[in-house]
Each structure stands twice: as structure tokens, then as C-alpha cells.
Amino acid sequence: MKAVLITGTSIAQAQGKEHGKLSAKYKDSVAVCEMDESDMAALKIEPGQTVKVTSPYGSITVKAAKSREPRPGLVFIPVGPWANRLVGPETGGTGTPSYKGLEVEVEPAPGEKVPDLEELMAEARGGNEKW
Amino acid sequence: MVVVKNVLCSFCGCVCDDLEVSVEDNKITGVKYACALATEKFLHSQEERNPDPLMRADGGFRKVGLEEALDKAARILAEAKYPLLYGWSNTSCEAIKVGIELTEEVGGVLDNTATVCHGVGLEAIQDVGEPTGTLGKARHRADLIIYWGCNPSQAHIRHTTRYTAFTKGLFRSQRKDRKIVVVDVRKTVTSKTADLFLQIDPGKDYELLSALRMAVRDMEFETEAVAGVPVEKIEELAEMMVSCEFGMLFFGLGLTQSSAKNENIAAAISLVRDLNLKTKFLMLPMRGHYNVTGANKVALWQTGYPFAVDFSHGYPRFNPGETSAADLLVRGEVDAALVVASDPASHMPWAAVKNLANIPVAVVDPTLTATSLLADVRIPAAFNGIEYGGTVYRMDGVALKTRKFVEPPPNCLPDVEVLENILHKVRSLKEVA
């Protein structure tokens with residue numbers, strides 16, 4: 001399913017980060033993709049199931065969640081290392097990447113694991129880390 | 001138990017100044033009047049905290065002494081040709097001042113987190129000017145409040161109860177004395193309490209701002225909708241704007257991080273300027289971190305530029321896109337980094353994170369972050385506004401002093417002391433060389 005991705009802060013994200021970036025609470029609050037109920041029905045997925053979100057710059061597996069308010073075609077991932085796998089490098093000479101309004105593809109990803117923060121950072125370093 | 005009153009909140013740019021914190025045996029046991037976000041910060045500031053200086057070893061980390069960690073950070077900076085000194089929005093102005101001196105000493109780039117948030121607004125201000133005022137003006141005078149691309153119900157939770165819709169001001173004392181308007185790509189808790197909600201198509205803010213400028217000038221539209229908003233609603237908002245006594249536009253990252261970026265803010269400033277021909281209107285950014293405004297102000301008065309300040313030529317230069325942190329990291333141009341009170345590994349695009357992961361990095365932060373996992377050395381620090389006091393700037397540019405009310409864990413110094421230490425060590429290393 002094609003969708004427009006908005007990233008941003010949320011209460012759960014802000015509380016999760018204050019709880020600790022390495023905490024399960026943080027991961028649970030930001031490694032999620034909030035979607036409209038009708039979009040979830042079209043993809044035949046339930047809240048808590050994994051979805052793969054792909055932008056022109058990368059892809060990431062996160063858990064699906066029902067958005068609080070309806071807006072078909074718009075998906076929301078709270079700011080964080082998971083959302084930023086999808087954000088492009090261009091700043092258009094402003095210094096600020098486009099964190100909002102990204103065109104993405106959302107698909108069901110049954111059985112795929114949502115990576116931990118440690119796994120994402122180990123991947124950035126090229127693997128072989130033990131924390 | 002001691003109850004500390006009138007505590008300043010070191011969470012978001014609202015910097016609320018009425019918190020009450022209970023302390024027993026140097027332990028924070030309760031927080032009153034704080035929002036859900038600040039409560040989480042205050043109550044968890046002493047928990048799940050690793051107070052150890054750490055150094056990378058064998059694919060993991062080993063505990064080291066503070067002195068050894070400071071030495072390592074100084075060596076990383078002294079040996080680099082073009083280091084990035086990044087963060088600064090969650091620390092005191094005093095620490096930022098030392099950070100600027102350190103950046104100049106090592107010929108690097110100083111950038112603060114505004115570079116990926118409200119920095120484009122600062123670029124627009126340089127082009128168009130800044131029709132701004134304090135939160136006090138909004139509270140006491142504004143009868144029209146517009147929240148554009150921001151959601152205070154999630155990010156600045158007490159903004160509406162302290163400064164806008166639900167506060168008792170001198171000339172506006174109740175909710176019914178003010179009209180609240182929300183412009184956003186989606187319905188939010190904030191939009192539900194608004195008198196008017198304009199749901200805009202993603203990335204079309206510039207179009208809607210331009211249409212509002214037309215409507216404010218009574219120009220005719222040759223279309224039925226702009227940016228997904230029916231013309232009648234645009235004309236309704238324009239009428240509310242020109243007929244109010246005192247309007248205030250608050251804007252968030254919905255405006256700065258979507259497609260037109262600095263041009264969005266320039267258009268918003270132009271709209272506010274137009275409105276001042278007919279009534280009184282001001283605007284303010286909804287700044288995120290409690291001292292990101294201070295990070296910009298200190299950099300501005302010390303170097304002439306609010307962020308992305310490059311000292312590699314021996315004098316300050318500012319050219320966003322070239323000297324800004326995300327661009328420098330994505331292009332792999334910086335060869336080391338000092339990250340202070342910030343987590344770029346969580347908040348930069350992946351292309352930047354990958355390059356950050358492969359250069360020497362020193363991190364100064366009270367907590368373990370994603371960036372600290374990439375670091376070669378991690379220096380623990382104390383929390384500003386909890387374990388030490390310093391100057392911070394509220395989102396409207398009002399300077400306030402935070403206070404200390406508990407002792408930090410051992411090894412955790414205030415950022416300003418950590419940075420003075422590193423600066424001293426860098427100078428010693430350079431003298432030897």
C-alpha cells in the first residue's frame with residue numbers, strides 16, 4: 001500500500017526516551033507505525049502485527065498500530081532510529097532533512113522481527129558489537 | 001522530606017516555572033504540577049542511569065576513570081582535522097559558551113539540534129525579519145491563537161493551560177475570550193478543542209499560507225480548494241485573522257520539516273507582516289528542548305550565527321547545507337565528533353548515522369543514548385535543572401535560571417565543568433604538539 005509518512009513526537013515517545021533510550025518502553029513507543037483502520041483492514045493486519053515500511057532511502061520493520069484519528073493514506077512513525085531509516089539524506093541546502101511527507105510503501109511482514117536499538121547501532125558500525 | 005517550590009522545568013521549550021519537587025535523602029520522590037512528560041523526566045532522572053565513564057574495547061565497552069575518559073575526548077578533538085561539536089539544546093548557556101570556545105580552538109563546526117528542527121525558521125528570519133513577542137503577550141492579550149503544524153497536547157502539554165486557551169490572562173480570562181485555530185495534516189487532540197480546524201494536504205503549507213495572504217488582501221480565488229482546504233474555510237480563517245484584536249501564530253515542525261521548509265516560515269512571517277497592516281499579530285516557534293533557544297542565542301551573540309557555525313577558516317562561517325550537521329555527516333566530511341546532551345544517532349537520517357558510527361565520537365550525556373552506543377568514549381554528566389543550575393532560554397527568548405536540588409551521582413559533573421576540562425586538556429595537547 002502506498003502512503004504518506006509523517007514522523008513526529010508523541011507523548012509515549014517522549015516518555016519512553018526519558019525512561020531510557022535502551023529501555024523496552026522506548027522501543028515499544030517509537031518502533032510503531034500508526035495507520036488508519038481502513039488501511040489496516042485493506043492490508044489484512046491487526047494492531048501489534050509487524051509491517052515493513054519502505055521509502056526510496058531504506059526500509060524498516062515496525063509494529064502496526066491503529067491511529068487515534070482517521071486519515072486514510074497517511075501513516076505516522078514517532079521520531080527515532082526506526083523512523084530515520086526511512087528519512088532521506090537531502091536537506092535542500094537548509095540543513096534540515098525532510099522528516100515529514102515521505103512517500104512510502106507499507107506491507108505486511110508476518111514473522112519478521114522489529115530490530116532492537118542495539119542491533120540498529122551495531123549495523124551502523126558494520127556489525128560485531130557486543131553491548 | 002523537603003518540598004522544593006517554584007522549580008523550573010528542564011523538559012520542553014515552555015520551561016514551566018511552578019513545579020514542586022519532593023526530595024527525601026537526595027532522592028526525588030514526587031513532582032507536582034508537571035506535565036506527563038516532565039514527570040517522567042524528573043522521576044526517572046535518578047533511575048536506570050549508568051554513571052560510569054566508558055571507553056570502547058573489544059567490540060564493547062570497559063569502565064574507566066573520569067580523568068581517562070576526559071583525556072580520550074580531548075585527544076579525539078585535538079587529533080581531528082575537522083570535528084563536529086553537536087547537541088547543546090539540553091544543557092546550560094554557560095556550557096554552550098565553553099563549547100563555542102572549544103570549537104574555535106579545534107577549528108571545527110558547532111551545530112545545535114535546531115539544525116534539524118527549527119533552524120530553517122532562523123534562516124527565514126534572516127531573510128524576512130521576526131514579528132515576535134513573549135508568551136506573556138499571548139496569555140494576556142491574544143484573542144486569536146493559531147497552532148500550525150504543531151500538537152501541544154502531545155509535545156508542549158501545558159502550553160494551552162499556561163499561555164493560551166485555558167489560562168487566566170489580564171485582558172483574556174476565559175476560553176470563550178479566545179478563538180483557537182489548528183492547521184494540521186491530521187486531526188489531533190489539540191484540533192478537537194479548536195474553534196476551527198483546517199486539515200491540510202501533507203507538504204502544502206506554502207500554498208495555504210500564500211492563499212491566506214490573498215484572502216487577507218481580499219483577492220478572488222479561481223479555484224475551489226487550496227492544499228486540500230476549501231476556499232470558504234480559507235476565507236473564514238482570513239476573516240478571523242483580520243478581525244481579531246491580537247493574534248498569535250504558533251508553528252511547529254509540521255511547518256519547518258515539510259517540503260518548502262524555510263520558505264514555509266518566510267511565507268508565514270510575510271502573512272503576519274501583512275496582518276499587522278490591519279490588526280496586531282505576532283508569531284512564535286514551538287521550540288522542543290528546554291534550552292534549544294539558548295543554544296541559538298548563545299551561538300548568535302558569540303559568533304554572529306545561530307547554528308551550523310564553521311570555524312575551520314579561523315573565523316565563524318554559516319552556510320546551512322554546507323556547514324550543517326546532517327549534511328556534514330551524510331557527506332562524510334567531518335572526521336570526529338563531540339556530542340553533548342543530544343542523540344543524533346536517534347534523530348538524524350540513516351545515511352548520517354552510518355558515517356557518525358565510523359568516526360571517533362565522544363559523548364557527554366547524563367544517560368545512555370543510541371549515540372553513546374556508537375561512541376569511543378562516553379562521559380557521564382549531571383542533569384541541568386536537577387543536579388546543577390544554569391541559564392536557559394524559554395521558547396520566547398526569556399532567560400531563566402534553573403536550580404540544583406539533588407546531588408549528582410559520583411563522576412557526573414555539570415556539562416560546563418566537563419567542557420572546561422576538555423578545553424584545558426586540548427590546549428595542553430596542542431602546546432605539546
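By class, the side of domain 1 of chain B that touches domain 2 of chain B has seven nonpolar residues, one polar residue and no charged ones (Ala, Val, Leu, Ile, Met, Phe, Trp, Tyr, Cys and Pro count as nonpolar, Asp, Glu, Lys and Arg as charged, and the others, Gly among them, as polar).

This is a predicted model, in which local features need pLDDT of at least 70 and side-chain atom pairs count only at pLDDT 80 or more, while totals for chains, interfaces and linings use all residues. Residues are numbered from 1 along each chain as its sequence is written, chains are lettered from A in the order in which they are written, and side-chain values use heavy atoms, with hydrogens and water left out.

Eight residues from domain 1 of chain B and eight from domain 2 of chain B make the contact (heavy atoms within 4.5 Å). About 620 Å² is buried between these two domains, with carbon and sulfur atoms giving 57%; buried area is the accessible area (1.4 Å probe) that two parts lose on being put together, summed over both. No salt bridges turn up across this interface (a side-chain nitrogen of Lys or Arg within 4 Å of a carboxyl oxygen of Asp or Glu).

Now for the two chains. Here 61 residues of chain B touch 50 residues of chain A, and the buried area is about 4600 Å², 57% of it from carbon and sulfur atoms. The rule finds four salt bridges across the interface of chain B and chain A. B:Asp201 pairs with A:Arg71 in a salt bridge, their closest N and O atoms being 3.6 Å apart. Helix α1 (residues 36-44) of chain B gives the most to the side of chain B that touches chain A, with five residues; helices (H or I, at least four residues) and strands (E, at least two) are DSSP runs, numbered from the N terminus.

In α1(B), the buried residues include B:Leu37, B:Phe42 and B:His44 (buried means under 20% relative accessible area). Among the elements covering the buried residues of this helix are α1 (11-19) and α2 (24-30) of chain A, along with β1 (2-7) of chain B.

Key
Buried < 20%, exposed > 50% of the residue type's maximum accessible area, 1.4 Å probe, protein only.
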